[in-house]
Amino acid sequence: MEIRHLQLGSCPDSWGVWFADDPRQTPWDRFLDELAGAGYSWLELGPYGYLPTDPARLGDEIAKRGLSVAGGTVAGVGGPHKDFDAVVAETRKVASLTAALGAENVVFVPVPGYRDDVTGAYREAASLDDEAWRALTRNSNTLGKILLEEYGVHMRFHPHADYQVETQEQVERFLADTDPDYVSLCLDTGHLAYRRADVPGLIRKYPSRVGYVHIKQMDPVIAQRAADEDLAFGQAVAMGASIEPPAGEPKIPSVMEALSELDADIFVVVEQDMYPVDFDLPLPIATRTRTYLNSVGLHSRPAAVPSEEISDERS
């Protein structure tokens with residue numbers, strides 16, 4: 001059975017891309033070729049600067065492969081609870097490119113977080129104090145308002161391991177303290193499972209706040225080892241914490257059942273963390289993942305309006 005209001009895509013992260021420029025990452029043109037070859041029609045743009053940032057050029061590259069853009073990605077500027085001017089400046093660049101390519105979602109990924117992914121060192125406390133939490137929610141509302149009113153795109157906030165919105169309790173508090181008119185979730189099934197959240201329960205409790213989904217699974221054994229040994233999320237990923245479905249947690253059928261109950265058109269984007277990775281590994285994994293997700297009702301259907309018809313007037 002196909003769940004018509006859910007649209008399947010993928011993103012550079014599933015090809016081992018965490019940064020705008022890194023020689024250990026799959027070259028951007030190979031990523032686009034393999035994304036299309038794996039059977040996906042939609043992509044999230046990934047770190048700003050990894051793909052070409054000129055809207056006309058990127059639009060041409062995407063269109064000639066039969067692809068369309070589900071959303072843009074803000075990452076690498078940290079959370080909105082601090083350095084907010086820098087956060088706004090980076091987010092504006094992403095929003096402009098995203099809107100020019102005809103997409104309506106900007107995924108805000110609050111990394112780097114409170115730990116160093118490589119060394120595991122703590123950069124700051126794992127929980128925000130009241131003043132910092134108020135800054136987080138106030139600035140998230142402001143950012144969401146800027147995105148919607150100035151660019152016509154929606155802010156999708158991404159709870160993330162090793163950021164101070166990572167547990168179920170923190171996610172629920174964040175939703176309670178932010179404006180639903182301007183802020184919704186990019187609900188990442190893997191990060192939430194990594195912190196032992198009830199993913200289907202969150203979807204059902206906050207159906208109107210789930211605006212976008214990153215779908216992936218975590219190896220519960222590695223996640224438990226990371227907790228026991230106080231490892232950073234990046235260290236756990238290097239050990240293989242993020243695994244292809246249906247081998248991990250949360251169970252995809254239970255997530256799909258909850259998502260099928262939503263009354264909105266939503267992108268569900270595969271995001272399997274694999275940094276760093278051998279360049280030959282992502283394509284077969286992405287193909288198998290797409291085949292599995294097709295079997296549980298998720299499909300990647302081409303856009304109704306071809307990408308080559310998208311205007312770059314908003315660039």
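This is a predicted model: local features need pLDDT of at least 70, side-chain atom pairs count only at pLDDT 80 or more; totals for chains, interfaces and linings use all residues.
Residues are numbered from 1 along each chain as its sequence is written, and side-chain values use heavy atoms, with hydrogens and water left out.

The chain holds 11 helices and 10 strands. Both are DSSP runs, numbered from the N terminus: helices are H or I with at least four residues, strands are E with at least two. The C-alpha trace spans about 50 × 40 × 40 Å along its principal axes. A compact globule of 315 residues would have a radius of gyration near 20 Å, and the chain agrees with 18 Å. This radius is taken over C-alpha atoms, and the globule rule is 2.2 Å times the number of residues to the power 0.38.

The accessible surface comes to about 12,900 Å². Carbon and sulfur atoms account for 50% of that surface. Areas come from the Shrake-Rupley method with a 1.4 Å probe; for residues, only the protein chains shown count as cover. Of the 315 residues, 59% are buried. Buried means under 20% relative accessible area, exposed means over 50%, and partly exposed lies in between (1.4 Å probe, protein chains only). Contact means heavy atoms within 4.5 Å. Among contacts between residues at least 6 apart in sequence, 83% join residues at least 24 apart.

The largest nonpolar core has 72 residues. Such a core is a set of buried Ala, Val, Leu, Ile, Met, Phe, Trp, Tyr and Cys residues joined through side-chain atoms within 4.5 Å. Within the largest core, L43, L45, F157 and L259 touch the most other members. Apart from this core lies another, of 13 residues, among them W18, M218, L231 and A241. Beyond four places in sequence, L259 touches H5, L6, I203, V213 and V268.

Aromatic rings also pair. Rings of Phe, Tyr and Trp (its six-membered ring) count as a pair if their centres lie within 6.5 Å; planes under 30 degrees apart are stacked, over 60 edge-to-face, and the rest tilted. The count is 11 aromatic pairs. In one of them, the ring centres of Y212 and F267 are 6.4 Å apart and the planes stand at 50°, so the pair is tilted. Y212 lies in strand β7 (residues 210–215) and F267 in strand β10 (residues 266–270), so this pair links distant parts of the chain, 55 residues apart. Y212 is buried at 0% relative accessibility. F267 is buried too, at 17%. Ring pairs also join F108, F157, Y163 and F174 into a cluster.

Y212 is also among the contacts of L185. L185 sits in strand β6 (residues 183–188) and is buried at 3%. Its contacts beyond four places in sequence also include F157, V171 and L175.

W133 meets a charge. The charged end of R173 sits over the ring of W133, 4.1 Å from its centre. The rule asks for NZ of Lys or CZ of Arg within 6 Å of the ring centre and within 35 degrees of the ring normal. W133 also contacts Q170. Q170 belongs to helix α5 (residues 168–177) and is buried at 14%.

T289 lies in helix α11 (residues 282–295). T289 is buried, with a relative accessible area of 2%. Leaving out residues up to four places away, T289 touches Y40, E244, P245, V270 and Q272.
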